[in-house]
Amino acid sequence: MSTLEHIKALLDSALGLNGRAQHFDRSTPLLGGVPELDSMAVVSLINEMEEQFDIVIDDDDVSAETFETVGALVDFVEHKNGA
């Protein structure tokens with residue numbers, strides 16, 4: 001599974017999107033574009049990403065740009081994984 005597909009599945013599960021995330025692409029806006037992505041959901045999503053991608057996300061790593069689009073989130077995870 002590609003990182004993009006993995007992120008889409010994670011977004012769908014963590015945010016309870018009922019399959020909507022499967023229609024997302026790299027340019028899909030997250031913050032402001034997906035109402036379910038509030039501050040608590042961001043924390044939950046970070047925890048899920050750490051667990052599923054075996055990465056550590058420091059507070060300094062998290063910014064609005066990280067969650068701006070699906071592609072930004074994919075790039076962030078791939079960077080943390082050293083890909």
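**Entry 1: L45**

I looked up L45 and found it in helix α2, where helices (H or I, at least four residues) are DSSP runs numbered from the N terminus. The model is predicted, so I kept in mind that local features need pLDDT of at least 70, that side-chain atom pairs count only at pLDDT 80 or more, and that totals for chains, interfaces and linings use all residues. Residues are numbered from 1 along each chain as its sequence is written, and side-chain values use heavy atoms, with hydrogens and water left out.

Is L45 buried or exposed? Its relative accessibility is 0%, and therefore L45 counts as buried; the cut-offs are under 20% relative accessible area for buried, over 50% for exposed, and partly exposed in between, with a 1.4 Å probe and protein chains only.

I then asked which residues L45 is in contact with, leaving aside its neighbours within four places in sequence. I noted L10, L11, A14, L37, F67 and L73, contact meaning heavy atoms within 4.5 Å. For L45 and L11, I wrote down a separation of 34 residues in sequence and of 7.3 Å in space, C-alpha to C-alpha.

**Entry 2: helix α1 by itself**

Next I turned to α1, which covers residues 3-15. I noted that α1 has 13 residues and reaches 18 Å from its first C-alpha to its last, close to the expected 18 Å, a span defined as 1.5 Å times one less than the number of residues.

I listed T3, I7, K8, L10, L11, D12 and L15 as the buried residues of α1, and I saw that they pack against α2 (39-53) and α3.

**Entry 3: α1 against α2**

I looked up the angle between α1 and α2 and found about 135 degrees, with their axes 10 Å apart. Axes are lines fitted to C-alpha atoms, for helices over the stretch in contact, and angles run from 0 to 180 degrees between N-to-C directions. The two helices are therefore oblique to each other, given that angles under 35 degrees count as roughly parallel, over 145 as roughly antiparallel, 65 to 115 as roughly perpendicular and the rest as oblique.

On the α1 side the contact is made by T3, H6, I7, L10, L11, A14 and L15, and on the α2 side by A41, L45, E48, M49, Q52 and F53. By class, I recorded 9 nonpolar, 3 polar and 1 charged residues for α1 with α2; Ala, Val, Leu, Ile, Met, Phe, Trp, Tyr, Cys and Pro count as nonpolar, Asp, Glu, Lys and Arg as charged, and the others, Gly among them, as polar.

**Entry 4: α1 against α3**

The axes of α1 and α3 (residues 70-80) come within 10 Å and cross at roughly 115 degrees, and α1 and α3 are therefore roughly perpendicular to each other. In this pairing T3, L4, I7 and L11 of α1 meet V70, L73, V74, V77 and E78 of α3, and by class the contact has 7 nonpolar, 1 polar and 1 charged residues.

**Entry 5: positive phi in the loops**

After α1 comes G16, with a positive phi near 60 degrees. N18, which is not a glycine, has a positive phi near 50 degrees and sits in the loop between α1 and α2; at 74% relative accessibility N18 counts as exposed. D54, also not a glycine, has a positive phi of about 55 degrees and belongs to the loop between α2 and α3; at 69% relative accessibility D54 counts as exposed.
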